[in-house]
Each structure stands twice: as structure tokens, then as C-alpha cells.
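Hello,

Here is the structure I promised to pass on.

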Amino acid sequence: MDIPFLDKWLKRRAGQGEARGVAVIGPIADDPQGVAELLAECGLLREQAAAVGVELDDTAASLERLDQLLPRWRDDPDEVPWLGNDAGLYLGTVIIRTVPGAAWRVWPNGQPVVTLDSGREVDVVDIGHGWAESGTPELSQAYAEVSEG
């Protein structure tokens, strides 16, 4: 039976296929601290937020401030995927710094995801792309859902 959304989910769970937007490969993928530092950079997002006076201090409150930004980046279709990557990585950074037991995990295809103590894996890059493209889900809403378990 061919069920597209199920096929996509199964491929993602198996770590097959290509990583969406960003991939962590090579020796750094096995270094949790190195992965965390690398993925926390989010240069484009930090630059755009600073330009409008929004400080990204790796807290849940900063996610709420990002959700309030006017999405001017949507005027530039080349910028949306890059900002989506950064938004997802920033969301992941906030989660691993504030939710006990949360950590980065790199799937075999290089896709970084956040794992929770419960074993749940969160594809934060996918969430970031949704936020950059359409504003949903809001980053603060995604954080709230993850932080509840």
C-alpha cells in the first residue's frame, strides 16, 4: 500500500533519505558538545533578530519574541529555507538548554533532532521550516509542547 505521509514518516524514523536543510556529518556528529556548539550559532536568525532589537538569549521568552517578528524574510524566497534552518536549530538549542534530559542526536543521514528523556525525537529543523514559511507552528508553541514531555 502506498501512503505518502506514512512512507515519509517511516523514512525519517529510519534515518534514511536526505536530511532536510542541514546535515551534521563527519567526526563532529559523534561529539555531543561540538554538535551543540555548532548548531547554536544560527547566524542569520541572530543577525535578523538583532537588526530589529530582539535579543536571542537561548530562553523560551526569546522564542515568543521571535514569534512576534514581522515575517519580512518571506519576501525573499531564497532566504526562507536558510532562516527555517536557523529557526529550527535555535528552537533545538533552547530546548536542550532548558528542558532537563534533552539532547541533540544526529540521525544516520546527518539530520539533527532533539531527543527527550521519554525517548521522543523532535525534528526541530522541520518545525523551523514551517515557522519560516507560514508562521506555524509558532516556535513558542512548539517549545511548550516539547517541554511538557
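Arginine 65 is partly exposed at 30% relative accessibility (buried means under 20% relative accessible area, exposed over 50%, partly exposed in between, with a 1.4 Å probe and protein chains only). Its salt-bridge partner is aspartate 57, with the closest N and O atoms 3.3 Å apart; a salt bridge here is a side-chain nitrogen of Lys or Arg within 4 Å of a carboxyl oxygen of Asp or Glu. Aspartate 57 is partly exposed too, at 35%.

Before the rest, some housekeeping: this is a predicted model, where local features need pLDDT of at least 70, side-chain atom pairs count only at pLDDT 80 or more, and totals for chains, interfaces and linings use all residues. Residues are numbered from 1 along each chain as its sequence is written, and side-chain values use heavy atoms, leaving out hydrogens and water.

By the salt-bridge rule the count comes to 4. In one of them, aspartate 58 pairs with arginine 46, the closest N and O atoms being 3.1 Å apart. Aspartate 58 is buried at 14% relative accessibility, whereas arginine 46 is partly exposed at 24%.

Another joins arginine 105 to glutamate 121, with 2.7 Å between the closest N and O atoms. Arginine 105 is partly exposed at 36%, and so is glutamate 121, at 22%. Through shared partners, salt bridges also tie Arg46, Asp58 and Arg97 into one network.

Best wishes
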